[in-house]
Amino acid sequence: MKRRSLTRLITLLIIWSILPYSIAVASQSYWVRFYGGDGADSISGASPMPNGDLVAVGSTGINGKPQPWVLRVDRYGSVLWSKYYTLEVDAEIRLNEAAIDEDGNVVVVGTLKKEIQGISDSDLFVMKIDEKGNSVWAKTYGLSGLDGGTSIAIEGNAIFVGGYTDVDGTPGLWILRLNPYGNVVWQREYSSVYPSFKYSMATGKGELIAAGSSESGNLIILRVNPISGTVDDALEYVNFSVSDPLLESSGGGITVAAGSNGCLALLNLNEGGECYKVGSAGPVPGGIFSAENGELFVAASVSKKIWLLGLKDDGSVAFSKIYNLSASDVLNGLTGGDGSLILSGDTDRFSSIRNTDGFIVRLPYNGALPGYESEDVEPEVFGVGGYEPTKVSVRTTVTNAVVENLNVHPKDFPQSGILGVTISPNPESLGKKVEIYLDGNLTSVKGGEILLPLTPGSHSVKVAMNGYHLYETSVSIKAGEEIDIKATLIPMTPTGTLRITSTPSGAAVFLNGTFIGLTPLSLNLSAGLYTIRVSKDGYEDYSKSVEIKGGEEVAITAGLNPITRTTATTTPSITTTTTPVGTTTTTTTVRTTTTTQETTSSTAATTTTTSKKGGGICGPGVILLLVPLSRLMRRGR
């Protein structure tokens, strides 16, 4: 029994010791990070790496024009590397998606825009980089029209790239299969399918699935032979109009997320679907993810906010939340894994100091996002009915794109964190200017809420405002991290001057009972009432109450009075008395005490205290003594 109790006690102690650590790790595992520089920066999507890191892709306006931008962060959002890529041609490049191959390389797809003799042109852009961000190869694939890349999927050593082309004047779905070196295996245009400009391809079970829409706006699902690019099956979902459909392939089949008639439509190709709506604005789907536990998550932009919907494996709503990171947020991607959801997109949270930034949010499967504004919303739910899956014939054309190898130059993208400073009281309401010193460098600003970009590392922060005490602190910030501090400024109390002298000088001064120095003394004191005591050995204390007012000077001269000392001197005197009784002579000695006063200074005022004591033998005592003597003398006669 004792062993069992001891074992239980040890177990409880172990659990108790690791519980705070577990809570801390959980709190660090979910985060919000903002990445970017001074230009217009955007994150289009993020892909998980095998070790739990994330690779995000997008574009940066660091040089004034959009350039390809890729960054890798660890599972806590800390930047491992961040690079942008310049070309030897004058062009704009926006990356849309990324996929990870079996060797851990990252393959990205996007669109390169340029001008040829004043005419706008664009090509599909693909680049392969290694796990450290170095370029392996970069190529463009172009036909005679406006071409671009929107989707990518990797299956084994096959790279499938989806995009669009308008070679015949009408935008059509364009898919290419590339080998690991970027060489074309096959390429086809599906001219009767209007392309989605979102992630619209999925692979699985030896087939390639692509989504688009018909000329009338109905959903079209293509099952493409991954070996040849020919169409194995094509279904048009008549009476189910969609915009920018997204695809997700999972064990439960293929699920499509799309905007449809002002709602967010989710359609499982095997089971049917439902429509979800919040508010009056139509949602724009940004991503869809099927978790390992059977739950389905879909995210969309709605009214410049982020809407995240979680569905249980039975199709019921697990949660529905609206997130507000800034005045204008755009959701571009959703992925997940290992118990986490990953949202990515654009925000103007820091538009007061720079252009748009990309964001990445890592949150648990319950959608909790502490520290940022969120709202639980109950969506309207109604069935997606009335559609008819109908087999259609899709015209395909083998294309012959011009492939051009590009020389790209990776450059480190200078990242920063954001320091938010809230000043209380608000300087604007007081009409005052605030001076903020970052590492000793002055930044003059107005306003009670201030955002400042900081390079990663430790920084000193000082906040100064006239009439208030200086606020000082230090912060340590990471790339992409946002730290908020509240600088509560304490008003300075009005002060006055108290000057104290004494005669003689060198006297000790006590302020409200505390020794503060020797005279002469000058003090700068807050306004108020004080008790002054001036003390010097050999002199009486000088005490006085004084009121100090702001901006005024009070002078005190303490004339110290010397302490009076009393000295007693005793002088003996001899008195001889002769009586006519025979020849006897009686001598009586009498002591007389004389009191005198001494002072330590002849100039200061003195207080004299006289104390008296008893004298010699006299009065009735002498008479009583003489009477018996006279009687004895008579007897002797």
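Me: What makes the space of about 1,100 Å³ a pocket, and not a cavity?
Reply: The model is predicted. About 1,100 Å³ of space lies in its largest pocket. A cavity is a set of points where the probe fits but cannot get out, whereas a pocket is an open set. The space is listed as a pocket, so it counts as open.

Me: Which residues are closest to the centre of the largest pocket?
Reply: Ser47, Glu97, Ala98, Tyr199 and Leu334 are. They belong to a lining of 41 residues. A lining residue has an atom within 4 Å of a pocket point.

Me: Which elements give two or more residues to that lining?
Reply: Strands do, among them S2 (42-48), S10 (147-155) and S27 (329-337). S6 gives the largest share, with seven residues.

Me: How do the lining residues divide into nonpolar, polar and charged?
Reply: There are 20 nonpolar, 14 polar and seven charged residues. Tyr counts as nonpolar and Gly as polar.

Me: How do you know that S47 and S48 pair?
Reply: Pairing needs at least two bridges between the strands. S47 (residues 528-535) and S48 have seven, in the antiparallel sense. Therefore they pair. Val534 stands opposite Tyr542 in S48.

Me: Why is one side of S45 and of S48 left without a neighbour in the sheet?
Reply: The open sheet has four strands in the order S45-S44-S47-S48, with antiparallel pairing. S45 (514-518) and S48 (542-548) stand at the edges, each with a single partner strand, so one side of each has no neighbour in the sheet. Neighbouring strands of this sheet are turned by 30° against each other on average, direction ignored.

Key:
Residues are numbered from 1 along each chain as its sequence is written. This is a predicted model: local features need pLDDT of at least 70, side-chain atom pairs count only at pLDDT 80 or more; totals for chains, interfaces and linings use all residues. Side-chain values use heavy atoms; hydrogens and water are left out. On a 1 Å grid over the protein atoms alone, a cavity is a set of points where a 1.4 Å probe fits but cannot get out, and a pocket is an open set with protein on both sides within 12 Å along at least five of seven lines; lining residues have an atom within 4 Å of a point. Grid points are joined across faces, edges and corners, and a volume is the space filled by probe spheres set on the points. Axes are lines fitted to C-alpha atoms, for helices over the stretch in contact, and angles run from 0 to 180 degrees between N-to-C directions.
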